[in-house]
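I opened this notebook to keep track of what I looked up in the structure. The entries follow the order in which I went through it.

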Amino acid sequence: MKSEKRAPMVSVVITTRNSANTLGRLLKSIKQQSYKNMEIIIVDNNSSDKTVEISKKYTRKVYNFSPERSAQRNFGAKKAKGEYVLILDSDMVLTTIVIEECFEKIKNPSGPGQSQKSKIKIGGVVIPEKSFGRGFWAKIKSFEREINQGEAYFESARFFPKNIFWKFTGYDESLTGPEDWDLPQRIARIYKIERINYFILHNEGSLTLATLFKKKFYYGLSVHRYLKIQNLPIFGPATVYFLRPAFYKNWKKILLHPLLSFGMFLMLIVEMVGGGLGYLFGRFGNG
């Protein structure tokens with residue numbers, strides 16, 4: 001990228017917890033970015049493996065903070081010196097031009113040839129994801145992402161101007177899981193959310209139906225708060241996966257891959273049951 005020294009700083013905030021198996025690959029991908037004016041901020045949550053040791057090979061800004069991912073992200077954003085913040089999970093890998101494209105999207109939202117006055121203020125940028133991992137269920141998760149690519153209920157913004165991030169008070173620390181959608185949705189009430197065409201690669205690892213069930217149960221614990229904040233119905237695309245339009249828009253692709261499609265719908269049933277039980281327990285069990 002040209003004029004890198006004059007380019008605004010981007011603060012990359014990464015939350016970790018026992019992330020030694022994936023973190024190194026993410027940090028290498030950040031160092032290989034075409035956009036160079038960056039700082040890396042790692043906020044760990046009491047890891048017992050070599051996460052902190054790996055982190056310190058790439059940045060001096062390594063902190064310990066808890067209790068949950070939303071609080072870690074906000075803590076990291078408070079430490080950020082950049083004009084922009086990019087929020088990442090430790091199991092991700094960036095393709096080489098991602099940060100540059102995010103910056104260019106915010107800098108030139110209307111494209112070349114548009115007057116400055118006509119440009120719409122961008123409050124966040126969505127970076128689409130592609131999954132990879134080991135085993136059958138990782139392939140299924142990758143297929144699900146492919147089917148839902150470009151859908152607002154499935155993708156969420158991760159790149160924000162820092163002043164707008166804090167104008168909306170950052171992530172809601174009462175949410176774990178739904179906070180990914182909650183903040184961009186609040187921002188979108190005033191500002192435009194854009195999307196780039198370059199990908200984050202998401203390392204799913206070795207998935208099982210049991211781990212997917214547990215993850216959705218845990219995320220489901222705060223879904224009742226998210227639905228209330230966003231004034232969303234209990235039964236909608238955010239909670240009932242089979243109501244998502246992408247499954248019907250992409251019916252040909254689903255029919256062309258019967259094994260992947262069968263696995264995807266089985267996985268979705270397991271995740272819905274897990275998320276539904278989490279919702280009930282969070283709503284009526286412990287508030």
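**Entry 1**

I began with Asn46, which sits in the loop between β2 and α2. The model is a predicted one, and in it Asn46 has a positive phi of about 55° although it is not a glycine. I then checked its accessibility: Asn46 is partly exposed, at 45%.

I found a positive phi of about 55° at Asn231 too, again not a glycine. Asn231 belongs to the loop between α9 and α10 (246-249). With a relative accessible area of 71%, Asn231 counts as exposed.

I also noted a cis peptide bond, running from Ser66 to Pro67, with omega near 20°. Pro67 is in the loop between β3 and α3.

**Entry 1: the whole chain**

I counted the elements next and got twelve helices and ten strands. The radius of gyration is 19 Å, close to the 19 Å that the globule rule gives for 287 residues, so the protein is as compact as a globular protein of that length. The C-alpha trace spans about 50 × 50 × 40 Å along its principal axes.

Of the 287 residues, 51% are buried. I looked at contacts between residues at least 6 apart in sequence, and 78% of these join residues at least 24 apart.

**Entry 2: helix α7**

Is helix α7 (residues 179-187) largely enclosed or largely open? I found seven of its nine residues buried, so α7 is largely enclosed by the rest of the structure. The buried ones are Glu179, Asp180, Asp182, Leu183, Pro184, Arg186 and Ile187.

I wanted to know what covers them. The cover includes the helices α3 (69-79), α6 (162-167) and α9 (223-230), along with the strands β6 (122-126), β8 (157-161) and β9 (192-195).

Arg186 is buried at 14% relative accessibility, and Asp182 is buried at 0%.

Then I listed the salt bridges that share partners: they join Arg69, Arg73, Asp89, Glu129, Arg145, Arg158, Glu179, Asp180 and Glu204 into one network. Glu179 and Asp180 of this network are also on my list of buried α7 residues.

**Entry 3: other salt bridges**

How many salt bridges does a search of the whole structure find? I noted 17.

One of the pairs I looked up is Glu39 with Lys61, at 2.3 Å from N to O. Glu39 is in strand β2 (residues 38-44) and Lys61 in the loop between α2 (51-55) and β3 (62-64), so I wrote the pair down as a link between distant parts of the chain, 22 residues apart. Both Glu39 and Lys61 are buried.

A further pair is Lys141 with Glu271, at 2.9 Å from N to O. Lys141 lies in helix α5 (residues 136-148) and Glu271 in helix α12, so the bridge ties together parts that are 130 residues apart in sequence. Lys141 counts as buried at 9% relative accessibility, and Glu271 is buried at 1%.

I stayed with Glu271 and asked what it touches. Leaving out residues up to four places away in sequence, the neighbours are Lys141, Glu144, Leu212, Lys216 and Tyr241.

The crossing of α8 past α12 is right-handed.

By kind, the contact residues divide into eleven nonpolar, four polar and two charged.

Technical notes
Residues numbered from 1 in each chain as written. Predicted model: local features only at pLDDT ≥ 70, side-chain atom pairs only at ≥ 80, totals over all residues. Heavy atoms only, no water. Left-handed = near helix turned anticlockwise from the far one by under 90°. Helix = DSSP H or I, 4+ residues; strand = E, 2+ residues; numbered from the N terminus. Nonpolar A, V, L, I, M, F, W, Y, C, P; charged D, E, K, R; others polar. Buried < 20%, exposed > 50% of the residue type's maximum accessible area, 1.4 Å probe, protein only. Contact = heavy atoms within 4.5 Å. Salt bridge = Lys/Arg side-chain N within 4 Å of Asp/Glu carboxyl O. Rg over C-alpha atoms; globule rule 2.2 N^0.38 Å.
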